[in-house]
Amino acid sequence: MLYNTRMSFALSLHYLDLLGTVVFAFTGLLAASRKQLDLFGAIVIAMVTAIGGGTLRDVILGQPVFWLTQPVYIYVIVLSALFMFFYARFRPVPMRLLLFLDALGLAVFTVIGAQKALALGLSDPIVIMTGIMTGAAGGVIRDVLVGEVPLIFRKEIYATASFMGASVLLLLMQNIESQELAITISILVVLIMRISAIVYNYSLPIFNPVHRGDHD
């Protein structure tokens, strides 16, 4: 019974991971559309957004890159990008819904990345950084490629939510027996923080140092 429950939970997490991949591909395509890239360029941006963080994680950790052994991620990204490419030509894109789904993707990617580092027995700071990398690095690569300031370097609460989620996962994994509960709580932490930032416009303070002339 316990085995079946864990298998069902792992399968649910996998499907959420695929959903996050779809949404990140959508956001990559929309970023490409703002720069009026052609279909090939748009698919490339969608791909680096969706799998860039996980790829960077696996390369740094010296692990097999996940999409090389699970090519379903490539198929999902290409199909998602093609769907959005043609959908957006005829119907308005539900941006608000995409933002909320993006928050879910961030949460799931963060937890999966942190879990991978935990399984390798890496130190606490590396676990947290791996979670953040998996959740946010794809967006950084996307923004750099389309010539924008990466979202995580702006005042929006994005990487901060990822940091908190990875930290909570690390803490709970060391103090409670149920991995499923630890993962669920960690996902909810990221999700709640990110959605609260979207709904209530919460943000971090902007770095704005005092200049000498301000007091002259």
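Student: How many aromatic pairs does the structure hold?

Tutor: This is a predicted model, and it holds six aromatic pairs.

Student: What describes a pair of aromatic rings?

Tutor: The distance of the centres and the angle of the planes. Take F26 and F83: their centres are 6.2 Å apart and their planes are at 35 degrees, a tilted pair.

Student: Where in the chain do F26 and F83 lie?

Tutor: F26 belongs to helix 1 (residues 2-34) and F83 to helix 4 (residues 72-87).

Student: Is F26 buried or exposed?

Tutor: Buried means under 20% relative accessible area. F26 has 12%, so F26 is buried. F83 has a relative accessibility of 47% and therefore counts as partly exposed.

Student: Which residues do ring pairs link into a cluster?

Tutor: F26, F83 and Y87 are linked in this way.

Student: What kind of aromatic pair do F66 and Y73 form?

Tutor: An edge-to-face pair. The planes of F66 and Y73 stand at 85 degrees, with 5.1 Å from centre to centre. F66 and Y73 are both buried.

Student: Next, I126. In which helix is I126 found?

Tutor: I126 is in helix 6 (residues 124-145). Its relative accessible area is 38%, so I126 is partly exposed.

Student: How many residues apart along the chain are I126 and L61?

Tutor: They are 65 residues apart along the chain, while their C-alpha atoms are separated by 9.9 Å.

Student: Now the helix packing. At what angle do helix 7 and helix 8 pack?

Tutor: Helix 7 (residues 159-173) and helix 8 (residues 179-200) pack at about 160 degrees, and their axes are 8 Å apart. Angles over 145 degrees count as roughly antiparallel, so helix 7 is roughly antiparallel to helix 8.

Student: Is the crossing of helix 7 and helix 8 right-handed or left-handed?

Tutor: The crossing of these two helices is right-handed.

Student: Which residues make the contact?

Tutor: On helix 7 they include T160, M164, G165, V168 and L172. On helix 8, Q179, I183, S186, V190 and R194 are among them.

Student: How many residues of the contact of helix 7 with helix 8 are nonpolar, polar and charged?

Tutor: Twelve are nonpolar, five are polar and one is charged.

Terms used: Residues are numbered from 1 along each chain as its sequence is written. This is a predicted model: local features need pLDDT of at least 70, side-chain atom pairs count only at pLDDT 80 or more; totals for chains, interfaces and linings use all residues. Side-chain values use heavy atoms; hydrogens and water are left out. Rings of Phe, Tyr and Trp (its six-membered ring) pair if their centres lie within 6.5 Å; planes under 30 degrees apart count as stacked, over 60 as edge-to-face and the rest as tilted. Helices (H or I, at least four residues) and strands (E, at least two) are DSSP runs, numbered from the N terminus. Buried means under 20% relative accessible area, exposed over 50%, partly exposed in between (1.4 Å probe, protein chains only). Axes are lines fitted to C-alpha atoms, for helices over the stretch in contact, and angles run from 0 to 180 degrees between N-to-C directions. Angles under 35 degrees count as roughly parallel, over 145 as roughly antiparallel, 65 to 115 as roughly perpendicular and the rest as oblique. A crossing is left-handed if the near helix is turned anticlockwise from the far one by less than a right angle, and right-handed if clockwise. Contact means heavy atoms within 4.5 Å. Ala, Val, Leu, Ile, Met, Phe, Trp, Tyr, Cys and Pro count as nonpolar, Asp, Glu, Lys and Arg as charged, and the others, Gly among them, as polar.
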